[in-house]
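Here are a few exercises to work through with the model open beside you. Try each task before you read its solution.

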Amino acid sequence: MASTTYWDTQNHRPLSESAAQTLMLSFAHELLRAASASDKRVSSADLSRVLQRRSGIEVRVPAGGETEGAWLVNLLNRVDQRAAQAGEGPALSSVVAWGRPASPPPPRPAGRGSGAARSVPAAPARHRSTEPLQGSVCPRCFMQMSLTGVCDNCA
């Protein structure tokens, strides 16, 4: 039975799963951190597409082979390990929506790295004038957009 293969589109050569995931790790970490910071959900299909485009690594899953998302699950496990080592708190992979449209993420656990799934009390209301002005996250490439709502990366 054929297995998933990884292709370096820039150098036109095959890669091992380990090498491909090492190259994709920083991109995945950055995208999921941005989505988590803005309380956005990312569909697994969109994440897969953007990661492959940005990293230049094409993931080829043969028909009848392993499931489409198996390679992504392995990569997300590495992202969560990296985030935990950096003290970034809850698992970043929790912002990925599998097999359904993206929706708001579940409430975050209290405390950094506690691992306990407790409800977090709502933050006190702030006046808009004290918050920094930031654009939303682009639903296509998951990068911060300008206040105009036009993504400089996708335009």
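Angles under 35 degrees count as roughly parallel, those over 145 as roughly antiparallel, 65 to 115 as roughly perpendicular, and the rest as oblique. Axes are lines fitted to C-alpha atoms, for helices over the stretch in contact, with angles from 0 to 180 degrees between N-to-C directions. The model is predicted: local features need pLDDT of at least 70 and side-chain atom pairs count only at pLDDT 80 or more, while totals for chains, interfaces and linings use all residues. Residues are numbered from 1 along each chain as its sequence is written, and side-chain values use heavy atoms, with hydrogens and water left out.

**Exercise 1. Find the order of the elements in the protein.**

Start with the inventory: the protein has three helices and five strands. Here helices (H or I, at least four residues) and strands (E, at least two) are DSSP runs, numbered from the N terminus. Reading from the N terminus, the order is β-β-α-β-α-β-α-β.

**Exercise 2. Work out how helix 1 and helix 3 are oriented to each other.**

Step 1: helix 3 spans residues 70-85, and its axis lies 9 Å from that of helix 1, at an angle of about 60 degrees. Step 2: the two helices are therefore oblique to each other. Step 3: their crossing is right-handed, that is, the near helix is turned clockwise from the far one by less than a right angle.

Step 2: look at who meets whom, taking contact as heavy atoms within 4.5 Å.

**Exercise 3. Is Gln-21 buried or exposed?**

Next, check its relative accessible area, which is 4%, so Gln-21 is buried. The cut-offs are under 20% for buried and over 50% for exposed, with partly exposed in between (1.4 Å probe, protein chains only). Finally, list its partners: beyond neighbours within four places in sequence, Gln-21 touches Tyr-6, Trp-71, Asn-74, Leu-75 and Arg-78.

**Exercise 4. What share of the 155 residues is buried?**

Apply the burial cut-off to the whole protein, and buried residues come to 31% of the 155.
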